[in-house]
Amino acid sequence: MKSKIISIGSYTPNNIVTNQDLEERVDTTDEWIVSRTGIKERPIADDSQATSDLAYEAAKIAIERANIDKSEIDLIIVGTCTPDVATPNVGTLIQKRLDLKNFPAFSIEAACSGFIYALNIADKFIKSADSKCALVVGAETLSRITNWDDRNTCVLFADGAGAAILKPSDDRGIIFSELGANGEYAELLHVPYGTSRKPKTPNEDDYTLKMSGNEVFKVAVKTLEEIAIDALVKSNLESKDIDWFIPHQANMRIIQAVAKRLELPEEKVILSMDIHGNTSAASIPLAFDRAIQDGRIKEGDTILMQSFGAGFTWGSVILDL
Ligand code: COA
């Protein structure tokens, strides 16, 4: 028994912030942002939109494309580090918007690895026959935890959502999935205040993401290279067997380094940070959907996905679509 992704849907807010817009706000240039990250523009939610609103839009599209009755859904898992509120979780908020009830719906908090973590958990529900139709979502409004006056971070992060419907299959589906984490690096990428330990601070900036970019970069490249090779070895595949590589869209240079190590030609690498920026848990399904919609990814393809994010957390999935 395998878990098969039968559809993907995605949603990004209409409001687009370009590199030129940011040039007017902080001391940066389009040239710096594009050459260091690959990002040209990013969707940013308007004040009325919370994470569950973006997630709901992506979910609706995935359900429609799956050609299922929404009442078939018996599990919702959302990867997000920017939930609407501390509780209830975004999974139950979407469940209610979809007018569904009486099955597990929850969020998991693994930052940029949120979608891969959610996919891994849904795969286990399906393999154990606890789910016959799962909705897996990665959704974020990172703009709400970004300091728009800090050039180190505001050029990177963005808002969006991607959703997948999974069903059991005895033919194609997820053939490999593994997660990892190392809390030793927690302070290299974190939000210092908010919620339990340090709930209140007079300084608004303390509620926003802080990143030691260069140090994160080094650990990210090393970890992602290792887990990509590991995923291939453990699933008995070679680079040439992979049709598409869909990595977390944090930085084009990280992705190029990993692709080079895997000896994957650049035509096989799906990039979307140019128009999406870094949307954390939403970035992989957003890139996935982009490549399906433009006709690159097709039924029958073998896909390697991998993520790396705050925590640090990481994970990889290989699937036959
Ligand atoms: N515009 C212009 N200059 C900027 C800038 C900006 N938006 N942001 C930083 N700089 C400056 C820095 O101040 C520094 O200046 P200095 O040398 O005078 O001190 C210089 O550019 C180099 O900064 P550095 O942080 O070393 O740049 P970098 O090449 O490492 O690129 C990142 C920065 C953030 C793009 C990169 O480190 C990165 O992508 N890191 C990993 C992100 C990631 O994977 N996150 C995990 C998942 S979310």
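**Sheet, packed helices and cysteines**

Ile-76 stands opposite Leu-135, a residue of strand E6. The model that shows this pair is predicted. Strand E4 (residues 75-79) and strand E6 (residues 134-141) run parallel and are joined by five bridges. A search for disulfides across the whole structure finds zero.

**Sheet**

- Five strands form an open sheet with mixed pairing, in the order E1-E7-E6-E4-E5.
- The edges are held by strand E1 (2-11) and strand E5 (105-108). Each of these has a single partner strand, so one side of each is left without a neighbour in the sheet.
- On average, neighbouring strands of this sheet are turned by 20° against each other, with direction ignored.

**Helices on the sheet**

- Helix H3 (residues 51-66) packs on the sheet and touches E1, E6 and strand E7 (159-169). The direction of H3 makes about 125° with that of E1.
- Helix H4 (residues 90-97) lies across E4, E5 and E6. H4 runs at about 140° to E5.

**Cysteines**

- The whole-structure search returns zero disulfides. Cys-81 is in no disulfide, and the nearest cysteine sulfur, that of Cys-112, is 6.5 Å away. A disulfide would need the two sulfur atoms within 2.5 Å.
- Cys-81 counts as partly exposed because its relative accessibility is 28%.
- For Cys-154, the closest cysteine sulfur is also in Cys-112. The distance is 17 Å, so the sulfur of Cys-154 is too far for a bond.
- Cys-154 is buried, its relative accessible area being 0%.

Technical notes:
Residues numbered from 1 in each chain as written. Predicted model: local features only at pLDDT ≥ 70, side-chain atom pairs only at ≥ 80, totals over all residues. Heavy atoms only, no water. Buried < 20%, exposed > 50% of the residue type's maximum accessible area, 1.4 Å probe, protein only. Pairing = 2+ DSSP bridges. Helix = DSSP H or I, 4+ residues; strand = E, 2+ residues; numbered from the N terminus. Axes fitted to C-alpha atoms, helices over the stretch in contact; angles between N-to-C directions. Contact = heavy atoms within 4.5 Å.
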